[in-house]
Amino acid sequence: MLLRNKSVLGMVLLLVGTLTHATVPDWVSNASKLPVSISSYDDETTAVVLLDDETATVQGNGDVVIHYRRVVKILRPQGHDEALLEVPFDKDEKILSLNAY
């Protein structure tokens with residue numbers, strides 16, 4: 001994601017299953033293999049974040065590219081809202097790519 005004004009762009013990238021025939025990246029596969037037992041959580045826990053990563057890189061021209069990676073395991077049907085994706089941006093920001101697996 002390219003942010004010309006270096007503001008923070010909120011994005012949630014969730015593991016909700018493979019929706020296309022695309023290859024799932026290693027970082028998604030590795031996070032999804034973490035041991036998560038539904039019995040380890042109380043009845044009100046509907047989802048668990050397995051990975052939440054942000055990397056910012058300043059390009060030579062001063063533009064900032066931010067990569068967000070997030071993997072969430074949905075534990076109960078009530079956690080389906082965690083599968084919603086929001087990407088706020090404005091006229092000064094450009095989305096270079098968006099992938100969900």
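Colour the chain by pLDDT, the predictor's confidence in each residue from 0 to 100. The mean for the protein is 77, and 78% of its residues reach 70 or more. This is a predicted model, so local features need pLDDT of at least 70 and side-chain atom pairs count only at pLDDT 80 or more, while totals for chains, interfaces and linings use all residues. Residues are numbered from 1 along each chain as its sequence is written, and side-chain values use heavy atoms, with hydrogens and water left out.

**Ends of the confidence scale**

Select strand E1, residues 2-3. Confidence is lowest here, at a mean of 41. Strand E2 has the highest, at 92. Now select residues 1-20. The pLDDT over this stretch is below 50. In the model the stretch still has 72 contacts beyond near neighbours in sequence; a contact means heavy atoms within 4.5 Å.

**The whole chain**

Switch to cartoon. Along the sequence the pattern reads β-α-β-β-β. Of the contacts with a separation of 6 or more, 66% are between residues 24 or more positions apart.

Of the 101 residues, 28% are buried. Buried means under 20% relative accessible area, exposed over 50%, and partly exposed in between (1.4 Å probe, protein chains only).

**The core**

Which residues make up the largest nonpolar core? Select Trp27, Val28, Ala31, Val48, Leu50, Val71, Leu75 and Tyr101, eight residues in all. Such a core is a set of buried Ala, Val, Leu, Ile, Met, Phe, Trp, Tyr and Cys residues joined through side-chain atoms within 4.5 Å. Helix H1 (26-32) and strand E2 (47-58) are the elements that give two or more residues to it. H1 supplies the largest share, three residues.

**The hairpin**

Strands count as paired if DSSP finds at least two bridges between them. Start at Ala47, whose bridge partner in E3 is Ile74. Step to Val48, which stands opposite Lys73 in E3. Then go to the turn. Five residues lie between the strands of this hairpin. Gly62, in the turn, has a positive phi of about 95°.

**Charged pairs**

Show Lys, Arg, Asp and Glu side chains. Side chains of opposite charge can pair when their charged atoms come close. The rule used here for a salt bridge is a side-chain nitrogen of Lys or Arg within 4 Å of a carboxyl oxygen of Asp or Glu. How many salt bridges does this rule give? The count is three.

- Select Arg76 and Asp43. Their closest N and O atoms are 3.9 Å apart. The pair links distant parts of the chain, 33 residues apart: Arg76 sits in the loop between E3 and E4, Asp43 in the loop between H1 and E2. Arg76 is buried, at 17% relative accessible area, whereas Asp43 is exposed, at 68%.
- Select Arg70 and Asp52. Here the closest N and O atoms are 3.1 Å apart. Arg70 in strand E3 and Asp52 in strand E2 are 18 residues apart. Arg70 is buried, with a relative accessible area of 17%. Asp52 is exposed, at 56%.
- Select Lys91 and Asp92. The closest N and O atoms of this salt bridge are 3.5 Å apart. Lys91 is exposed, at 76% relative accessible area; Asp92 is partly exposed, at 32%.

**Last stop: Leu85**

Select Leu85, in the loop between E3 and strand E4 (93-94). Leu85 is partly exposed, with a relative accessible area of 35%. Now draw a C-alpha to C-alpha distance from Leu85 to Ala100. The two are 15 residues apart in sequence and 8.9 Å apart in space.

Definitions and conventions:
Helix = DSSP H or I, 4+ residues; strand = E, 2+ residues; numbered from the N terminus.
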